[in-house]
Amino acid sequence: MRLGVLDVGSNTVHLLVMDAHPGARPSAAHSHKFELRLVDHLDDAGHITEVGIDALAVAVAECVAVASDAGVESVMAFATSAIREAPNGETVLAEVHRRTGVTLEVLDGGAEARLTFLAVRRWFGWSAGRLLLFDIGGGSLELATGIDSEPDTATSLPLGAARLTRDWFSADPPPEEEVTALRKHVRAEIARVAGPLLRFGPPDLAVATSKTFKQLARIAGAAPSAEGLYVRRTLAHADVVRWTQQMASMTAAERAELPGVSVGRAEQLLAGAVVAEAAMDLFSVPQLTICPWALREGLILRWFDHLIDSADGVAWAAGSGGQ
């Protein structure tokens with residue numbers, strides 16, 4: 001089957017088209033994205049503005065058209081923290097549906113963490129043992145640990161890179177005292193939830209997904225994306241500490257000149273690095289392995305699993321009927 005996942009996140013509206021069939025690894029066939037940055041379309045009360053709603057509806061409509069042209073049989077559309085936490089989120093969902101016909105399912109933070117964990121587990125396999133997952137998005141940080149497809153525990157914190165940049169930094173580059181204040185806030189928030197994750201013991205493999213970690217790894221010397229999915233990429237805590245310190249005195253334009261850093265993400269990379277540094281330190285992780293799969297792949301995998309289970313159930317029932 002050719003399936004599509006439409007992801008409305010805090011930074012982007014992203015359509016991922018994947019081919020999947022029983023017994024095979026789902027493979028990406030097409031990707032289409034808008035750097036919408038819904039977090040920049042919030043008023044002082046956190047409502048998504050009319051301009052933001054208009055831009056979102058246009059992006060969703062275009063993604064649906066792209067999916068149709070790509071031969072997608074079915075599209076799963078979902079939204080994460082930007083709409084989930086907006087006071088007018090229901091109004092936004094209704095307006096997008098009215099204009100495009102698309103019903104966006106809103107995922108809670110725990111679901112984000114569990115689905116991302118599923119994707120990471122499938123990528124690395126059972127032999128990876130206990131996994132510890134870090135995922136920094138635009139609006140939230142997801143954390144999970146476990147030895148199965150479902151994590152033993154999973155949580156989400158409002159520590160996304162775009163959110164923190166908007167709420168904590170007043171200048172470019174930000175004053176030193178603002179970076180210090182953000183670091184204290186981030187460490188306190190992560191420390192508050194660390195206990196339930198740490199009580200299961202140390203991980204056999206600590207893994208990171210998301211653009212923030214991929215860009216930090218690239219800055220620190222990891223292979224560029226052009227070398228493919230299967231090149232092993234890692235990120236050392238020492239490199240995160242070093243680059244966080246350096247980026248604190250750089251403007252967004254200067255960060256955009258670093259290897260692998262896009263102009264659209266350069267402004268929020270410092271805040272993301274502060275979160276990465278704190279998470280790795282508080283969980284005593286000296287090195288992370290970067291996983292190319294994340295939430296969108298997790299949704300495809302879960303969706304396809306259900307399709308297979310349903311088909312198997314029908315086949316079993318048909319076979320049993322003649323006994």
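In this predicted model, helix H7 meets helix H10 through Lys211, Thr212, Phe213, Gln215, Leu216 and Ile219 on the H7 side. Their partners in H10 are Arg265, Leu269, Gly272, Ala273 and Ala276. Sorted by class, this contact has six nonpolar, three polar and two charged residues.

Two packed helices are described by the angle between their axes and the distance between the axes. H7 covers residues 211-219 and H10 covers residues 263-282; their axes come within 9 Å and cross at roughly 90°. Angles of 65 to 115 degrees count as roughly perpendicular, and H7 and H10 are therefore roughly perpendicular to each other.

The next topic is the aromatic rings. Across the whole structure, a search finds three aromatic pairs. One of them joins Trp123 and Trp293 in an edge-to-face arrangement, with 5.2 Å from centre to centre and 65° between the planes. Trp123 belongs to helix H4 (residues 109-124), while Trp293 sits in the loop between strand E11 (287-290) and helix H11 (295-321), so the pair ties together parts 170 residues apart in sequence. Trp293 has a relative accessible area of 6% and is buried.

Another pair, Phe134 with Phe283, is tilted: the centres are 5.5 Å apart and the planes make an angle of 55°. This pair also links distant parts of the chain, because Phe134 is in strand E6 (residues 131-136) and Phe283 is in the loop between H10 and E11, 149 residues apart. Phe134 counts as buried at 0% relative accessibility, and Phe283 counts as buried at 6%.

Finally, ring pairs link Trp123, Tyr230 and Trp293 into a cluster.

Conventions
Residues are numbered from 1 along each chain as its sequence is written. This is a predicted model: local features need pLDDT of at least 70, side-chain atom pairs count only at pLDDT 80 or more; totals for chains, interfaces and linings use all residues. Side-chain values use heavy atoms; hydrogens and water are left out. Axes are lines fitted to C-alpha atoms, for helices over the stretch in contact, and angles run from 0 to 180 degrees between N-to-C directions. Helices (H or I, at least four residues) and strands (E, at least two) are DSSP runs, numbered from the N terminus. Angles under 35 degrees count as roughly parallel, over 145 as roughly antiparallel, 65 to 115 as roughly perpendicular and the rest as oblique. Contact means heavy atoms within 4.5 Å. Ala, Val, Leu, Ile, Met, Phe, Trp, Tyr, Cys and Pro count as nonpolar, Asp, Glu, Lys and Arg as charged, and the others, Gly among them, as polar. Rings of Phe, Tyr and Trp (its six-membered ring) pair if their centres lie within 6.5 Å; planes under 30 degrees apart count as stacked, over 60 as edge-to-face and the rest as tilted. Buried means under 20% relative accessible area, exposed over 50%, partly exposed in between (1.4 Å probe, protein chains only).
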